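Keep the sequence and the model open while reading.

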Amino acid sequence: MESIVCKLYDFSKEKFYSVRIYMQSGKIVQIKEEQGGKVLVLPGMIDSHVHIESSMLVPSRFAELALRNGVVAVVTDPHEIANVLGIKGVEYMIEDSKKTPLKVFFGAPSCVPATCFESSGAVLDVEEVSKLLMKNEVVMLSEMMNFPGVIYEDENVLRKIETAKNIGKPIDGHAPGLS
């Protein structure tokens with residue numbers, strides 16, 4: 001097991017601590033307080049909900065700014081590009097994200113358009129959402145914004161949720177506590 005003695009920054013307490021970080025197979029397995037560290041270590045931050053396309057940048061250009069500011073990974077829902085270009089837009093974002101060291105975890109947009117009362121440039125049906133969920137880069141079903149579709153058991157909404165469940169991928173929603 002490898003280790004390093006350093007000063008680790010704690011963002012919640014806004015101060016540095018002298019610690020020994022133990023690593024095994026490239027992963028941190030334990031951190032213990034220990035005096036003597038001189039090297040400063042800032043943990044990388046993860047943005048757990050972002051719409052990269054809202055920045056008007058492709059993932060590779062977004063990454064240049066994110067990495068510079070300590071963000072090492074993002075979980076993104078590309079439903080805005082899907083609203084315009086459909087599955088091709090999502091696949092483009094996935095391919096472009098491979099050009100950067102930023103770790104980009106995608107969700108499969110669940111609501112394109114958001115509800116049946118909206119129109120958009122594209123529609124992601126159950127088959128396209130399923131195709132996205134099968135990709136390794138897609139880690140979940142994103143933002144089920146159509147909670148009325150869930151409550152009133154819209155067949156297409158429920159099929160998307162069931163597909164994610166069957167594949168074993170998490171389902172993200174917009175109605176905390178809804179049961």
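In helix 6, the buried residues are V157, K160, I161, T163 and A164. Seen down the helix axis, the buried residues of helix 6 fall within an arc of 155°, so they line one face. That arc is taken over the directions from the helix axis to the C-beta atoms. On the other side of helix 6, E155, K165 and N166 are exposed. Buried means under 20% relative accessible area, exposed means over 50%, and partly exposed lies in between (1.4 Å probe, protein chains only).

This is a predicted model: local features need pLDDT of at least 70, side-chain atom pairs count only at pLDDT 80 or more, and totals for chains, interfaces and linings use all residues. Residues are numbered from 1 along each chain as its sequence is written, and side-chain values use heavy atoms, with hydrogens and water left out.

**Helix 6 and its surroundings**

Helix 6 covers residues 155–167, 13 residues in total. From its first C-alpha to its last, helix 6 reaches 18 Å, close to the 18 Å expected at 1.5 Å a residue. The expected span is 1.5 Å times one less than the number of residues. Helices (H or I, at least four residues) and strands (E, at least two) are DSSP runs, numbered from the N terminus.

What covers the buried residues of helix 6? The cover includes helix 4 (126–133), strand 8 (138–144), helix 5 (147–151) and strand 9 (171–173). At the start of helix 6, a side-chain oxygen of D154 comes to within 3.0 Å of the backbone nitrogen of N156. Just after helix 6, G168 has a positive phi of about 85°.

Strand 9 contains G173. With a relative accessible area of 46%, G173 is partly exposed. G173 lies 36 residues from E137 in sequence and 19 Å from it in space, C-alpha to C-alpha.

**The nonpolar core**

In soluble globular proteins, nonpolar side chains tend to be buried together. A nonpolar core here is a set of buried Ala, Val, Leu, Ile, Met, Phe, Trp, Tyr and Cys residues joined through side-chain atoms within 4.5 Å. Which residues of the largest nonpolar core touch the most other members? They are V74, L102 and L141, out of 29 residues. At least two residues of this core come from each of helix 1, strand 6 (71–76), helix 2 (79–85), helix 3 (87–97), strand 7 (103–109), helix 4, strand 8 and helix 6. Helix 3 supplies the largest share, 4 residues.

Contact means heavy atoms within 4.5 Å. Leaving aside neighbours within four places in sequence, V74 is in contact with D47, V50, I52, F62, L102, K103, V104 and F105.

The buried residues of helix 3 are I87, G89, V90, M93, I94, D96 and S97. They pack against helix 1, helix 2, strand 7, helix 4 and strand 8.

S60 sits in helix 1 (residues 59–68). S60 counts as buried because its relative accessibility is 16%. Leaving aside neighbours within four places in sequence, S60 is in contact with D96, K99 and T100.

**Salt bridges**

A salt bridge is a side-chain nitrogen of Lys or Arg within 4 Å of a carboxyl oxygen of Asp or Glu. How many salt bridges does a search of the whole structure find? The search finds 8. The table gives some of them.

| Salt bridge | N to O distance |
|---|---|
| R61 and E64 | 3.1 Å |
| K135 and E91 | 3.8 Å |
| K98 and E137 | 3.1 Å |

R61 and E64 are 3 residues apart in helix 1, so about one helical turn separates them. An α-helix has 3.6 residues a turn, so residues three or four places apart point the same way. R61 is partly exposed at 47% relative accessibility. E64 is partly exposed too, at 40%.

The K135 and E91 salt bridge links distant parts of the chain, 44 residues apart: K135 is in the loop between helix 4 and strand 8, and E91 is in helix 3. K135 is partly exposed, at 25% relative accessible area. E91 is partly exposed, at 22%.

The K98 and E137 salt bridge also links distant parts of the chain, 39 residues apart: K98 is in the loop between helix 3 and strand 7, and E137 is in the loop between helix 4 and strand 8. K98 is partly exposed at 48%. E137 is partly exposed at 25%. Salt bridges that share partners join E91, K131 and K135 into one network.

Definitions and conventions
Polar contact = N/O pair within 3.5 Å; in protein donor to acceptor, adjacent residues only side chain to side chain.
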